[in-house]
Amino acid sequence: MTKPKVPDPPDWTIRIWSKKPSMKPWPMPSWSTRISNRRQLATCLEVPAAGSGALYEIGLTGIPIFNVNNACASGSSGVFLCKQILESGNADVVLACGFEKMAAGSLENMGGKLDDRALSVDNHIQVMADTYGLFPAPITAQMFGNAGKEHMEKYGTKREHFAKIAHKNHLHSVHNPKSQFTKEFSLDQVLNARQIYDFMGLLECSPTSDGSAAAVLCSERYLEAHPHLRPQAVEIVGFQLGTDQPSVFAENSNIKMIGFDMIQKIAQNLYKETGLTPNDVQVIELHDCFAPNELITYEALGLCPIGKAGELIDRGDNTYGGKWVINPSGGLISKGHPIGATGVAQVVELSNQLRGRCGKRQVPNARVAMQHNIGIGGAGVVAMYRLAGGAGSSPAAHTPAVSGASLKSDVIFDEIKERIHTEKDLVQKVSTSFGITISGANGVTKKWFIDTKASPPYVGNQERPTEISVTVSDESFMQIASGALKPDQAFMQGKMKLKGNIAKAMKLRQLLDPKLLKAKI
């Protein structure tokens, strides 16, 4: 995929498939010349037949080309079409190619003069008019902003929860060289950014973007004939595409209007199809066109009960060290949202995560990946992927913070993580940051970070600055947690190494008080 970029000022004399540096296609891989004649392509762009013209320029002529337009789900809809073509037996190798050339500013600038034509979102707009009213702000921002307002009113979700999602995604993008933006923003910067609509600020909205992405899909038959490709092959475990349910307009709900029931239904169908659940997933690329959509989708996908997404966010279960890493690419909010390319770009990111190729943003032990892509008007996709060989990402490609299998001490850190979000007195008493390296049998090591000074407090494996460094074996750590060994004894006996202020280091005792730990040791 190419790196998305901020659109140039509108100049529609430029061909949509311009070969300017930002849009120059990568060279085709050498093995492409050996592909049989059984080839087809699906291109995804918001301009009729533009994909055909773009692909002509790199010599792919004389084969079937399907131009796909399904709003923001165009890319994943193209991948779905490629999958169907392969399953039909009509082709062995298919290319899904998505790209977009957008106008600067909000999405409204992309539209032409539609006069009195009906829009696919007319009924969606009517739901807004009947509930919160219409205002002089981008329509899509109003749609998802209103859904966020409804969620706050129904479930007590806080405005900060949406800001935390944007803060997370911008932070994730720092390590993605193909992200449109790679700058970290503080939570305060997100909260105080220029207002776009109601509570929602600029940094909680995906930008308009120029960009492209492509994915090659092949049949099992082709893979068997080319075994050298198997180590990098990613299997589509399950793929569901759906459209809106009747409730989208019937209940006058903005949450339903943005596709909640559609995503909930196809997610449930996916879990039934694959025999997998969210608990089997490690990494998710989720359609965060606006921060409220990411939060609401946590519930639609079944990552948490309805109304409890705020608690998931407060626990840090959407980032490194938590239950899932959601949008390690930076998501649409920071990576960019070139509409026709977005769904394909999600596939590229998840495939590289499963292959262990993502460098500093690599999700540890990524074995099963989930994709969520939505287009208002409407279409939704939820899919699962894993390496074709069934293995996870290469251990050598993991982040230094985690390697190998689980350790006995994992259960202790899971409990500390839960406690620091519920015991405010404990957080105030400790008020220190620790980096704890745990070594186990067979060379297995894990590095945990506990930061009770952060807001919210953090426990996980994501690298961050610390005041105290601790190195200890898994066995000695469990002895400390059980009360069989005191921290100061472990230090004096050489079983625990400390770096930093010793007085602060001893505050670790409060986190490892055997009387308060509930874990079975």
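1. Phe135 is partly exposed, because its relative accessibility is 44%; buried stands for under 20% relative accessible area, exposed for over 50%, and partly exposed for values in between (1.4 Å probe, protein chains only). The model is a predicted one, in which local features need pLDDT of at least 70 and side-chain atom pairs count only at pLDDT 80 or more, while totals for chains, interfaces and linings use all residues. Residues are numbered from 1 along each chain as its sequence is written, and side-chain values use heavy atoms, with hydrogens and water left out.

2. Six aromatic pairs occur in the structure; rings of Phe, Tyr and Trp (its six-membered ring) pair if their centres lie within 6.5 Å, and planes under 30 degrees apart count as stacked, over 60 as edge-to-face and the rest as tilted. One of them is the tilted pair of Phe135 and Tyr197, with 6.2 Å centre to centre and 45 degrees between the planes. Tyr197 counts as buried, at 5% relative accessibility.

3. Phe144 and Phe290 form a stacked pair, because their ring centres are 5.5 Å apart and their planes are at 25 degrees. Phe144 is buried at 3% relative accessibility, and Phe290 is buried with a relative accessible area of 8%.

4. Ring pairs also join Phe413, Trp448 and Phe477 into a cluster.

5. Strand E15 (residues 468–473) has Ile468, Val470 and Val472 on a covered face and Ser469, Thr471 and Ser473 on an uncovered one; helices (H or I, at least four residues) and strands (E, at least two) are DSSP runs, numbered from the N terminus. In a regular strand, side chains alternate between the two faces of the sheet.
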